[in-house]
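Here is a short note for a colleague who is opening this structure for the first time. Please keep the view open while reading.

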Amino acid sequence: MRILGIDTSCDDTCISLLKFDSPLYQKWGLKFKILSNIVSSQVKLHAKYGGVWPFLAKREHQKNLPIVFKKAIKRIDQSEIDLIGVTIGPGLEPCLWQGINFAKDLAKKLKKPIIPVNHLEAHILINLLSSKFQEGEKMMNFFPAICLIVSGGHTVLFLMLDIGKYKLIGETRDDPAGECFDKVARILGLGYPGGPAIATLAHHRKNVLDQILPRLPRPMIYQKNYDFSFAGLKTAVLYDFRKRSEKIRKSRAYIHQMSKEIQQAIIDVLIYKTLRAAKEYRVKSIILGGGVAANDELRKQFKLACLRWKLKHLVPAKNLCTDNGVMVAVTAFFHKEEKINLPEIKADPNLKI
Ligand code: KG4
Ligand code: ZN
């Protein structure tokens, strides 16, 4: 079975082709093969604005979709596509519609079904491509699980009882963690997207100067709920930045130290609250997803924490943490029986898990 996955929820135009081989996936693990994974990034375009500009993104999707599609199906004939998965939300509404309309036109032309996909579920189900499952580990052994999605658009924590059975337990009350990375990077003059830039600088910290060592809060870390708040963290960076002299603000030492501190502040809150949820709900595993899960330090510290707490742990390959069509195709596979009539498929910018 060949599944096409389309995602245009934000600023990347993503189309992938995924092949699924074994009908025995529940018993023996999963046999997926990525035939193509094309992502046309609009980063350069949006960098000028320090964030995503929805109508500009929509126009780019419209332009890019046919080109990306052509590249994605290079190795097969269109008629060999069995199923089309498309993200219907959450995301930027004008962008979502571009992918949906493209998928509908294709479905009509090829006479193939479309499965509407929730972008958040897709960020988690991409973990089913882990080599653990390809080698035969059973996914049922990971449930119940606590899932954490950390991206530019979302920070959500939920309990996963099975594929398709989720219970939201916490989310951000203001900015998502990725947006916090992006906004802090803008304050420090590091460009967009901010996460990778901050991660690189945090890693190569040099010239530690005690007199400028910034100390940031860990917002809501000890509150007895599973919500997050990152807007105050960005404001704390801004206040610290403003009180420094011009010379310090521009120094490499300050930028390195601030990058390290903001990264650690975000990681501390994410790990502490996720592990507390894992303990309270007595789960077997922690599953991560979303662009921020590509952060090396976060991956390392989550792994250590899970080892310490004797929890299983799944995190996508780094290139599959950020938005992509593979995650949409995998999710469509698990919902393949839930076919819907084309007119009923609509964008839902605020779709929940
Ligand atoms: O999942 P994603 O591609 O898009 C959304 O659904 O939002 O996530 C993009 C976000 C951006 O905010 C970016 O700064 C962040 O993921 N990001 C990172 C890293 N790579 C991407 N944040 C921290 N460290 C990274 N290595
Ligand atoms: Zn995403």
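The points below go from the domains to the ligand and then to some backbone details.

1. Ground rules. This is a predicted model, in which local features need pLDDT of at least 70, side-chain atom pairs count only at pLDDT 80 or more, and totals for chains, interfaces and linings use all residues. Residues are numbered from 1 along each chain as its sequence is written, chains are lettered from A and ligands numbered from 1 in the order in which they are written, and side-chain values use heavy atoms, with hydrogens and water left out.

2. Domains. The protein splits into domain 1 (2–130 + 319–344) and domain 2 (142–314). These bounds come from an automatic or database domain assignment. The C-alpha centres of the two domains are 27 Å apart.

3. Domain interface. In domain 1, 20 residues contact 22 residues of domain 2 (contact means heavy atoms within 4.5 Å). About 1600 Å² is buried between domain 1 and domain 2, 75% of it on carbon and sulfur atoms. Buried area is the accessible area (1.4 Å probe) that two parts lose on being put together, summed over both.

4. Ligand position. Where does ligand 1 lie? Domain 1 and domain 2 both give residues to its shell, so ligand 1 lies between them. The shell holds 20 residues; the closest are Gly152, Gly153, Asp182, Gly195 and Gly291. A residue belongs here if one of its heavy atoms lies within 4 Å of the ligand. By class, the shell has 6 nonpolar, 12 polar and 2 charged residues. Ala, Val, Leu, Ile, Met, Phe, Trp, Tyr, Cys and Pro count as nonpolar, Asp, Glu, Lys and Arg as charged, and the others, Gly among them, as polar.

5. Ligand contacts. An oxygen atom of ligand 1 is 2.8 Å from a side-chain N or O atom of aspartate 182. For a backbone N or O atom of glycine 152, the distance to a ligand 1 oxygen is 2.9 Å. For a side-chain N or O atom of histidine 119, it is 3.4 Å. Alone, ligand 1 exposes 550 Å², and the protein buries 89% of that (Shrake-Rupley method, 1.4 Å probe).

6. Cis peptides. Glycine 89 and proline 90 are joined by a cis peptide bond, with omega about -10 degrees. Another cis peptide bond joins phenylalanine 143 and proline 144, with omega about -5 degrees.

Key
Polar contact = N/O pair within 3.5 Å; in protein donor to acceptor, adjacent residues only side chain to side chain.
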